[in-house]
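Here is a short briefing on one protein structure. Keep the sequence and the 3D view open as you read.

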Amino acid sequence: MIVLIGYMGSGKSSVAQYLNSNYSLSYCDLDDYIENEEQKSISEIFEQKGEIYFRKIENLYLKELLTQNRYQILSLGGGTPCYANNSDLLKKFEVDSVYLKVDLDMLTYRLFQNKQDRPLICNVESESQLKDFIRKHLFEREFYYRQARYIINVTEMQIGEIAKSILNKVSSE
Ligand code: S3P
């Protein structure tokens with residue numbers, strides 16, 4: 001199983017969908033799976049039950065998906081590898097984890113246009129505040145992202161190239 005990890009806005013879900021439509025690889029997006037199982041959006045879960053509850057179910061559903069091993073591609077949420085024993089689970093299940101690395105300026109640009117459905121950043125007012133937030137947050141999270149089996153700097157890459165690069169890396173083992 002290929003597991004895509006990376007910060008919010010790094011393209012995990014889009015790349016998973018691309019691999020599905022262009023290479024017929026089956027895929028699951030962990031956030032979509034959680035929304036479907038809980039019958040609530042991620043924002044509603046954060047609002048109504050809080051982040052601690054979200055992290056708990058995120059861990060349970062990740063375990064469930066890894067155990068079932070039904071999908072060829074799994075895209076995680078930006079925080080998934082950084083909580084509970086999730087990063088150990090990825091190692092234990094010996095998945096091909098891929099960190100899609102995107103630079104700070106690009107993340108800020110993308111996320112500022114697209115922050116409304118993301119509970120951790122929806123209240124940040126200016127682009128420069130968002131950039132400061134992401135800089136600090138990434139600094140803490142990179143430790144976990146860097147444990148991925150493969151790291152691809154995708155900042156300047158088109159989606160098709162990203163997909164090819166992932167498949168190349170995984171098949172060259
Ligand atoms: C989160 C990222 C989100 C979602 C939740 C928390 C995070 O997923 O899981 O809002 O902690 O970075 P995306 O990376 O798909 O936006």
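## Charged pairs

Glu51, Arg55 and Glu58 are joined in a network of salt bridges. This is a predicted model. By the rule used, the count of salt bridges comes to seven.

**Within helix α4**

- Glu58 pairs with Arg55 in a salt bridge, and their closest N and O atoms are 3.0 Å apart.
- Both Glu58 and Arg55 sit in helix α4. They are three residues apart, about one turn of the helix.
- Glu58 has a relative accessible area of 1%, so it counts as buried.
- Arg55 has a relative accessible area of 9%. Buried means under 20%, so Arg55 is buried as well.
- Side chains of opposite charge can pair when their charged atoms come close.

**Between Arg149 and Asp96**

- A salt bridge joins the side chains of Arg149 and Asp96, at 2.9 Å from N to O.
- This pair links distant parts of the chain. Arg149 is in the loop between α7 and β5, while Asp96 is in strand β4, 53 residues apart.
- Are these two residues buried or partly exposed? Arg149 is partly exposed, at 40% relative accessibility. Asp96 is buried, with a relative accessible area of 11%.

**Between Lys131 and Asp105**

- The side chains of Lys131 and Asp105 also meet in a salt bridge, at 2.7 Å from N to O.
- Here too, the pair links distant parts of the chain. Lys131 belongs to helix α7 and Asp105 to helix α6 (residues 104-113), 26 residues apart.
- Lys131 is partly exposed, with a relative accessible area of 26%.
- Asp105 counts as partly exposed, at 49% relative accessibility. Exposed means over 50%, so Asp105 stays in the partly exposed class.

## Aromatic rings

**Ring with ring**

- How many aromatic pairs does the structure hold? It holds four.
- Tyr33 lies in helix α2 (residues 30-38) and Tyr61 in helix α4 (residues 51-68). The pair therefore ties together parts that are 28 residues apart in sequence.
- Tyr33 and Tyr61 are both buried.
- Tyr99 and Tyr145 form a tilted aromatic pair, with 5.0 Å from centre to centre and 40 degrees between the planes.
- That pair links distant parts of the chain: Tyr99 is in strand β4 and Tyr145 in helix α7 (residues 127-145), 46 residues apart.
- Tyr99 is buried, and Tyr145 is buried too.

**Charge over ring**

- Lys49 lies over the face of Tyr53, at 4.7 Å from the ring centre.

## Strand β4 and its partners

- Strand β4 covers residues 96-101. Five of its six residues are buried, so the strand is largely enclosed by the rest of the structure.
- Which strand pairs with β4 over four bridges in the parallel sense? Strand β1 (residues 2-5) does.
- Ile2 has Asp96 as its bridge partner in β4. Asp96 also takes part in the salt bridge with Arg149.
- Strand β5 (residues 150-153) is joined to β4 by four bridges too, and the two run parallel.
- Val98 has Tyr150 as its bridge partner in β5.

## A closer look at Ser43

- Ser43 is in helix α3 (residues 42-49).
- Is Ser43 buried or exposed? Its relative accessibility is 18%, so Ser43 counts as buried.
- Which backbone oxygen does the side chain of Ser43 reach? It reaches that of Asp117, at 3.5 Å.
- Leaving out residues up to four places away in sequence, Ser43 touches Asp117 and Pro119.

Key. Residues numbered from 1 in each chain as written. Predicted model: local features only at pLDDT ≥ 70, side-chain atom pairs only at ≥ 80, totals over all residues. Heavy atoms only, no water. Buried < 20%, exposed > 50% of the residue type's maximum accessible area, 1.4 Å probe, protein only. Polar contact = N/O pair within 3.5 Å; in protein donor to acceptor, adjacent residues only side chain to side chain. Contact = heavy atoms within 4.5 Å. Pairing = 2+ DSSP bridges. Phe/Tyr/Trp six-rings, centres within 6.5 Å; stacked < 30°, edge-to-face > 60°. Lys NZ or Arg CZ within 6 Å of the ring centre and 35° of its normal. Salt bridge = Lys/Arg side-chain N within 4 Å of Asp/Glu carboxyl O.
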